[in-house]
Amino acid sequence: NIEADLPEGWMVTDLEFPRITIDRPDGGKVLTTEGWGVEKPLDIATFEARYPSHASSMQFIVVHNPEGAFYYGTEDRRGCGKTYSAQCTRDEVIFSDAIPASAGWIDEGTFRLPWESVAGFAPKGWEDAVVRWYRPFTYTTEWGGKTLASRDIPQWCYDADAWIRARHVADDTLDAVRRAAALFGKGLGIHWYYWHNHPYDTHYPDYFPAQPRFAEMIRTAQSLGAHVTPYINGRLWDPAADSYKPDRGCDASCRKPDGTLYTEIYPTSKVLNTVTCPSTDIWHGKIIGLVDRLQRELGVDGIYIDQIAAAAPEPCWNENHPHPVGGGDFWYDGYRRLIGEIRAHHLLEDRILTSEENAECYIDLFDMLLVVNTPHEEDNCIIRPVFPMVYSDRVITSGFTYTPLSTDLMTNGDFRYEMTKALLWGSQPGWVDPRYLMSKEAEREARFLKTLMDFRRGLHDVLYGGRFLRELTPAGDNPTMHAPGFGDDAAVLASEWQTPDGRRAYLVINRDDKAHKVSLPGAGTFRINGLSGKRIDL
């Protein structure tokens, strides 16, 4: 830890702390907490990620090779903004945090960083480091100390077991939603995008009036047993929005030290959006008003508030905002107060709140988290189940990564692989555009997702409140299959879980059309049919 006495009138605006150097391990790999978890070769480069965000969902980095794992992290219980860095040279790896300081961290002339940084070496490997050091820390936090059973999550959210991703208010979308609901049956979840009055990623937060027919489409989907959660953004305010000036969007915006705005441009719209400070009553009123209207006017089953659990906090130097200037915990605190107010006084019975991605410090605010932005490549960027190893017993997730956006790509192996991994890691599979899934060419993929949905319904005693322990590759007749964007992997994949009462179980999925005879430790040899799942209680 660190503290410093300052000359009178001085303040700390930024610090880099600590700075820990190790010898570069031969054949080393770096493991970051981006999305589900990402592993890359330890090339000569700087691996950098901002916390809390999709890019750094948890507070550590691991460098490992067959000799063991070096673990570097922080134990910050207030979700403060920081940038993790592992700089790899020819001979060394240098770990550090770049931290925007808060003026509130200075008391009577003494600056104190309000958390400890930690480091350690685990000869047994990265899994041991994560489970032995990081997981216990999470139980000491506000967000990680709550069990699923202690939270008031609507039963339908547990029972969804598969989601689709409806886009646009159009006849082909509604037709695909109807056919998907007929196939998957009661309980299907629907995230709905492009429903609002302006093009996507523009004019936020002026979503209303909704496009004509959207309310009718919601009612149609609900009459078929599906649950609809439309998309809104919980962080951006477009200066071109009609509400920006009259509703004082300028006063709610985050400010840099020179007083200028933080702005972001997205390829979906190519317009300038400003970043709004979540500490302000102005922004709280805006989001609460949207939640009220979505429930009252459209009759939705939940609200999907994007970017809260995905985008990193910005330091804010607006002296008129209710927080000390700089960094610190005001971002975390602002969103906790906002979502807490919604849950306590505005969210109707049997409705849910969802956010995109999985920044850990918000997991207890949302009934479900959509995790789909984890990067992956066939050779040098592999997704690892780091997040489930830590939080599988305290969170409901859906999705895995972006699903194919064409009929042709639906059938090349990518979709099956994603759905298999999602279920084995505890996630509710799907998040797929029904227009492509329900095409004649993708009929087999649709049946596979339906099979996984039905299989998952028999696993709730394992997946909700249970612990993800590890991945396994069954031995025996288990050929390699290719998944574009992911690479080669076994046809039959498995994971091991521990139920809340301490029993262990294997979950096994065969993504091949053909049956295979395979074996797992303690379970012997067994046959698993093509495109099916199997549970083995140990």
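Entry 1: I began at helix α1, residues 126-138, which has 13 residues. From its first C-alpha to its last it reaches 17 Å, close to the 18 Å expected at 1.5 Å a residue; the expected span is 1.5 Å times one less than the number of residues. Helices here are DSSP runs of H or I with at least four residues, strands are runs of E with at least two, and both are numbered from the N terminus.

**Entry 2: ground rules.** I noted that this is a predicted model, where local features need pLDDT of at least 70 and side-chain atom pairs count only at pLDDT 80 or more, while totals for chains, interfaces and linings use all residues. Residues are numbered from 1 along each chain as its sequence is written, and side-chain values use heavy atoms, with hydrogens and water left out.

**Entry 3: inside α1.** Which residues of α1 are buried? I listed Trp-126, Ala-129, Val-130, Tyr-134, Arg-135, Phe-137 and Thr-138. Buried means under 20% relative accessible area, exposed means over 50%, and partly exposed lies in between (1.4 Å probe, protein chains only). I then picked out Arg-135, which counts as buried because its relative accessibility is 8%. Arg-135 touches Val-130, Met-389, Val-390, Asp-393, Arg-394 and Arg-467, not counting residues up to four places away in sequence; contact means heavy atoms within 4.5 Å. I also looked at Tyr-391: it lies 256 residues from Arg-135 along the chain, yet their C-alpha atoms are separated by 7.7 Å.

Entry 4: Next I went to α7, residues 330-345, with 16 residues. It reaches 22 Å from first C-alpha to last, close to the 22 Å expected. Its buried residues include Phe-330, Trp-331 and Tyr-332. What do the buried residues of α7 pack against? I found β18 (272-275), α6 (281-298), β19 (302-306) and β20 (352-356).

**Entry 5: two loop residues.** Thr-280 sits in the loop between β18 and α6. It counts as buried because its relative accessibility is 5%. Leaving aside neighbours within four places in sequence, Thr-280 is in contact with Ala-252 and His-321. Phe-208 lies in the loop between β14 (189-193) and α4 (214-223), and at 13% relative accessibility it counts as buried. Among the residues Phe-208 touches are Trp-195, Leu-290 and Leu-298.

Entry 6: Most residues other than glycine have a negative phi, and most peptide bonds are trans. I found a cis peptide bond joining Tyr-51 and Pro-52, with omega about -10 degrees. The bond from Tyr-204 to Pro-205 is cis too, with omega near 0 degrees, and Pro-205 is in the loop between β14 and α4. Glu-108 is not a glycine but has a positive phi of about 50 degrees; at 77% relative accessibility, Glu-108 counts as exposed. His-168 has a positive phi near 80 degrees and is partly exposed, with a relative accessible area of 34%.

**Entry 7: stepping back.** The protein chain has 13 helices and 33 strands. Buried residues make up 60% of its 538 residues. Its C-alpha atoms fill a box of roughly 75 × 60 × 40 Å, taken along the principal axes.
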